[in-house]
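Biologist: I would like to go through this model and ask how its descriptions are reached. Please put it on the screen.

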Amino acid sequence: MNFSTPKTFWSRQVHQIKEEGLVAVQRKAHNATGIAFSMLFEVILCALAVPFVFFVRLISPWVLIRIGHLRSDAFGHSVFDPEYYLSEKETENNKAFDCFYFQTKNHPNEQWSLMVRRTLRINFLFRYLDKVNRFIPGGELHQKVAGEIGSRDLGGYLAKTKTHFSFTDEENERGLKFLESKGLNVGDKFICLLVRDSSYKEKYGDKRDWSYHSYRDTDIKDYRHTAITLARKGYWVFRMGKIVRKPFKVDHPRILDYANSEYRSDFLDIWLFANCYLGVQTTAGIGMVSLLFRIPLSVVNALPLGHINTVSNPNTIWLPKNIVWADNKKPLTLKEQINTGVIGFLHSENYKNAKVELVDNLPEEITETVLELEAKLTGNWQSHPQDDQLQNKFWNILKTWEQFPKEHGKLQRKMPDTFLRENHDWFLA
């Protein structure tokens, strides 16, 4: 630490002026002018919003207008929340006239921003109506925040509805032409592979230490076996991601490292996830695109297990990372995960403090899980008599977790049957 650096705001200003002279004065004057104009602009817009707010309240017996923000700071929330809002509105037949604004100036994906804008009422001016409505007492009826329950489908609405977002004919033509340019023929199926690492948050996240999310990271090399297996079965595999740490080095014509290619774009990020046959992914925000388009998912190396999501497609399965005691490397049972709180840990440090270690799924385990989903989709899956019993036992144990009601509603997503068959003796003990 530099103890000579002034600590208070005003002492810092004086110190910088002494150090830089007129240059510092000019810079600070310019910044102060910009801030003043910005504040004046805010005050004017809020003042103009006042009569509109009173009008909104006046007509509420006949037309209910609600105003709120949409999260645009994190990809997963920015994708899930609008779709969940629309699915809930359709299912509940809610007739409210809702107006939204993006929470932040910059959106994680321009294509998704465009699709949200043409589906919902989005305008930055609604921000000022919301501010004034919240400032004047009595406006709770007119507040609406999409994603109020933490981007969780507690109501099971997605399973009851179809996606509310769509591509234009021109966009679909662009997507199909891209597939054709890569060698896909009509009828070929492709699979999106998404493996999280920390590079996206480090570049695009706000300026903070994102290492607390590192428990979700995994190594792309562990997915070579799965990708090659799928390619040999005739599928194309696109390794996805806006920015990734390592290349995906696999020598097979049907496996493309799209994330590191010159043709990666915001448009294709969304279009490919929305049109793939199935998704293979870890817990990463952009993977929500496949979820809202009701694409079957094989989620692997996933944590925390307590947050195993309720989703739209009953075929989706979730394989967690292995958790072992640090001292003897013995894996924790489901009950031990619940009793220690490990079942819901959202910070890397929590696992260390609990004296447990995370062990990534083996490549063979990942492949086995993905092939289970593929077999279920193609009608080649051979179920066992005990599969339903093991699934029910898993959920009955998980329901003893005190946070269960806050995280789960209607149950759709499942553990892999293959995992429970092979590990139920110790895992469900």
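Biologist: Which residues in helix 9 meet which residues in helix 14?

Modeller: This is a predicted model. In it, H225, T226, T229 and L230 of helix 9 meet P363, I366, T367, V370 and L371 of helix 14. By class, the residues of this contact are five nonpolar, four polar and no charged.

Biologist: What makes helix 4 and helix 10 roughly perpendicular?

Modeller: Helix 4 (residues 110-117) packs on helix 10 (residues 266-275) at an angle of about 70°, with 6 Å between the axes. The range for roughly perpendicular is 65 to 115 degrees, and the angle falls within that range, so the term applies to helix 4 and helix 10.

Biologist: Which residues make the contact between helix 4 and helix 10?

Modeller: From helix 4 come E110, Q111, W112 and M115, and they meet D266, F267 and I270 of helix 10. The contact of helix 4 with helix 10 has four nonpolar, one polar and two charged residues.

Biologist: How many cavities of 30 Å³ or more does the structure hold?

Modeller: There are two cavities of 30 Å³ or more. The largest cavity has a volume of about 70 Å³.

Biologist: What makes a space a cavity and not a pocket?

Modeller: In a cavity a 1.4 Å probe fits but cannot get out, whereas a pocket is open. The residues that line the largest cavity are P320, K321, N322, I323, P331, L332, Q337, F419, W426 and F427. Strand 9 (322-325) and helix 17 (417-427) are the elements that give two or more residues to this lining. Helix 17 supplies the largest share, three residues. By class, the lining of the largest cavity has seven nonpolar, two polar and one charged residues.

Biologist: What is the volume of the second largest pocket, and which residues line that pocket?

Modeller: The second largest pocket holds about 270 Å³ of space. Y101, F102, T104, K105, R117, I122, N123, F124, R127 and Y128 line the second largest pocket. Strand 2 (97-102) and helix 5 (126-135) each give at least two residues to that lining. The lining of the second largest pocket divides into five nonpolar, two polar and three charged residues.

Biologist: Which peptide bond is cis, and what is its omega?

Modeller: The bond from L303 to P304 is cis, and its omega is near -10°. P304 sits in the loop between strand 7 (297-302) and strand 8 (317-320).

Biologist: What is the phi of N301, and where does N301 lie?

Modeller: N301 has a positive phi of about 50° although N301 is not a glycine. N301 lies in strand 7.

Biologist: What is the phi of N93, and where is N93 placed?

Modeller: The phi of N93 is near 55°, a positive value in a residue other than glycine. N93 is in the loop between helix 3 (75-92) and strand 2.

Conventions. Residues are numbered from 1 along each chain as its sequence is written. This is a predicted model: local features need pLDDT of at least 70, side-chain atom pairs count only at pLDDT 80 or more; totals for chains, interfaces and linings use all residues. Side-chain values use heavy atoms; hydrogens and water are left out. Contact means heavy atoms within 4.5 Å. Helices (H or I, at least four residues) and strands (E, at least two) are DSSP runs, numbered from the N terminus. Ala, Val, Leu, Ile, Met, Phe, Trp, Tyr, Cys and Pro count as nonpolar, Asp, Glu, Lys and Arg as charged, and the others, Gly among them, as polar. On a 1 Å grid over the protein atoms alone, a cavity is a set of points where a 1.4 Å probe fits but cannot get out, and a pocket is an open set with protein on both sides within 12 Å along at least five of seven lines; lining residues have an atom within 4 Å of a point. Grid points are joined across faces, edges and corners, and a volume is the space filled by probe spheres set on the points. Axes are lines fitted to C-alpha atoms, for helices over the stretch in contact, and angles run from 0 to 180 degrees between N-to-C directions. Angles under 35 degrees count as roughly parallel, over 145 as roughly antiparallel, 65 to 115 as roughly perpendicular and the rest as oblique.
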